Amino acid sequence: MASAASNHCGGAAAAKQLRVLLPFFCDDRLRIPDELAKEIGAGEALVVGPCGVKARDVWPVGLGRDGGGAFLGRGWPEFAAAHGVGADWHLALRHRGRGVLTVKAFDDSCCIRGLGVQQPAAAVQASTRCEDIDCKPQFVCMLSPDSMEKMLIPAKFVQYYITKGEL
């Protein structure tokens, strides 16, 4: 579930940054791997929202442990609510060092979703366009050993980002 990836921006001296993909459930806690909690190493993490350059996009979130393992607790429900994180989404957390976590969200169709982008109820079925969330088109798929010859691309992603000529 967790993988370490090098940051290529800093050259050979770049530190490894742990990335994890977690399912999100509307809960007061977000369970995280013990490995991530150990890497954060403090009782609090700073979760950076999608815009990240403004002070309001940095959320102090408590890091706790109980019999079930490590979790993001105090402050996490407020972050999720403020950014419109939905049930059955997947969140990609990346530890940037010094207790700073960045978040990407993938909705229930596996397409990237702009956190904090308010949409009317009718638009929830349609994908958020890339211009709306200022990102590259992305999706996430869980690969099984049977899918090594073909990878299915989510229909919503194809509809919005792949031209008929590319098909």
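Asp107 is buried, with a relative accessible area of 3%. Buried means under 20% relative accessible area, exposed over 50%, and partly exposed in between (1.4 Å probe, protein chains only). Asp107 sits in the loop between strand E8 (100-106) and strand E9 (112-113). Its side chain makes a polar contact with the side chain of Ser109 at 2.7 Å. Such a contact is a pair of N or O atoms within 3.5 Å; within protein, one must be able to donate a hydrogen and the other to accept it, and residues adjacent in sequence count only if both atoms are side-chain atoms. Beyond its neighbours within four places in sequence, Asp107 is in contact (heavy atoms within 4.5 Å) with Trp89, Arg113 and Lys156.

The model is predicted: local features need pLDDT of at least 70, side-chain atom pairs count only at pLDDT 80 or more, and totals for chains, interfaces and linings use all residues. Residues are numbered from 1 along each chain as its sequence is written, and side-chain values use heavy atoms, leaving out hydrogens and water.

Now the core. The largest nonpolar core has 26 residues. It is a set of buried Ala, Val, Leu, Ile, Met, Phe, Trp, Tyr and Cys residues joined through side-chain atoms within 4.5 Å. Leu91 and Trp76 are among those with the most contacts inside it. Leu91 also touches residues including Val20, Phe24, Val103 and Lys104.

Finally, the whole chain. It has 4 helices and 9 strands, taken from DSSP runs (helices H or I, at least four residues; strands E, at least two) and numbered from the N terminus. Of its 167 residues, 35% count as buried.
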